[in-house]
Amino acid sequence: TSSGRSILLPAFVLIACGILGAFDDWLTLVGRRGEGITVRFKFAWLFAIGLVAAVGLYSFLGIDFVFVPTIKREFHLGVWFVPLAVLAIVSTANAVNITDGLDSLAGWTAAIAFVAYGIISLLYGNAFLLTFCFIMVGAVLAFLWYNAHPAQVFMGDTGSLAIGATLAVVALMLGQVLLLPIIGFLFAAETLSVILQVGYFKLTRGKRLFRMAPLHHHFELMGWSETHVTQRFWLVSMLASMLGVALALV
């Protein structure tokens, strides 16, 4: 990944997922029923984009390894790297999309995650990926100027799918995809809260584990203001990202 051309891959994922998200947002705004694309359609295209990116990582960039936290050696997965990469890209895109429910929540959390992976890129001597990460940080911060509470502009699927998928590609290129649930702890927690809520609801035939899912709405219903939820979630994200960077060095 030392070649500058390697940056074309995360750039492709960013643009492709941005187009998919924009199409969904456009249908939501101007569609007759006010609905976006179907869940199956969205997942099918996310899977397709993820598969192209995964094959690109494996076949053209020669990346098939991951680092396990606290173990200082590469684990080469061979062709099994491809399904892992697809899973990481699709799940992270949807995790950021789920988190995008309060003003500036997803944006700040994503910016923090890209800072963490930017630092890891620096420590690994990958100047091109370092530059890319901080370009993403700058772009997200510019967006946050208008997304701060009360928001004038919303991220929507256009931003959340693109940012999430691109974050996963960066993690894969560094071999630190196993740190994604830590550096992106808030994204993982928000997604897990939805999975647990749905599963518990079905198992208990109508009972709820949380007052509302995703997790940020649960805390809102507990009496926290939107600003309190976002600021406290940012703090958790910062701590988790610091832990992730530290684990990348151990």
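These legends accompany several close-up views of a predicted model.

Residues are numbered from 1 along each chain as its sequence is written, and side-chain values use heavy atoms, with hydrogens and water left out. Because the model is predicted, local features need pLDDT of at least 70 and side-chain atom pairs count only at pLDDT 80 or more, while totals for chains, interfaces and linings use all residues.

**View 1. Asp 24, Lys 42 and Asp 157 form a network of salt bridges.**
Let's start with charged side chains. Side chains of opposite charge can pair when their charged atoms come close. Here a salt bridge is a side-chain nitrogen of Lys or Arg within 4 Å of a carboxyl oxygen of Asp or Glu. How many salt bridges does the structure hold? There are 2. In one of them, Lys 42 meets Asp 24 at 3.3 Å, N to O. Lys 42 lies in helix 2 and Asp 24 in helix 1, so this pair ties together parts that are 18 residues apart in sequence. (Helices are DSSP runs of H or I with at least four residues, strands are runs of E with at least two, and both are numbered from the N terminus.) Lys 42 also meets Asp 157, with 2.8 Å from N to O. That pair links distant parts of the chain, since Asp 157 sits in helix 6 (residues 156-174), 115 residues from Lys 42.

Buried means under 20% relative accessible area, exposed means over 50%, and partly exposed is in between (1.4 Å probe, protein chains only). Lys 42 is buried, with a relative accessible area of 13%. Asp 24 is buried at 5%, and Asp 157 is buried at 10%.

Helix 1 (8-30) and helix 2 (39-60) each supply at least two residues of the patch, and helix 1 gives the most, with 4. Phe 23 lies in helix 1 and is partly exposed, at 39% relative accessible area.

**View 2. Helix 3 runs from residue 81 to 99.**
Helix 3 has 19 residues and reaches 27 Å from its first C-alpha to its last, close to the 27 Å expected at 1.5 Å a residue. The expected span is 1.5 Å times one less than the number of residues. Helix 3 is mostly covered, with 14 of its 19 residues buried.

**View 3. Which helix gives the most to the lining of the largest pocket?**
It is helix 3, with 6 residues. Helix 7 (180-183) and helix 8 (185-203), like helix 3, each supply at least two. The lining has 16 residues, and Ser 91, Thr 92, Leu 180, Pro 181 and Ala 188 lie nearest the centre. On a 1 Å grid over the protein atoms alone, a pocket is an open set of points where a 1.4 Å probe fits, with protein on both sides within 12 Å along at least five of seven lines; lining residues have an atom within 4 Å of a point. The pocket's volume is about 340 Å³, where grid points are joined across faces, edges and corners and a volume is the space filled by probe spheres set on the points.

**View 4. Backbone angles to look for in the loops.**
Most residues other than glycine have a negative phi, and most peptide bonds are trans. A cis peptide bond joins His 149 and Pro 150, with omega about -5°; Pro 150 lies in the loop between helix 5 and helix 6. The bond from Ala 213 to Pro 214 is also cis, with omega near 5°. Ser 104 has a positive phi, near 70°, and is buried at 4%.
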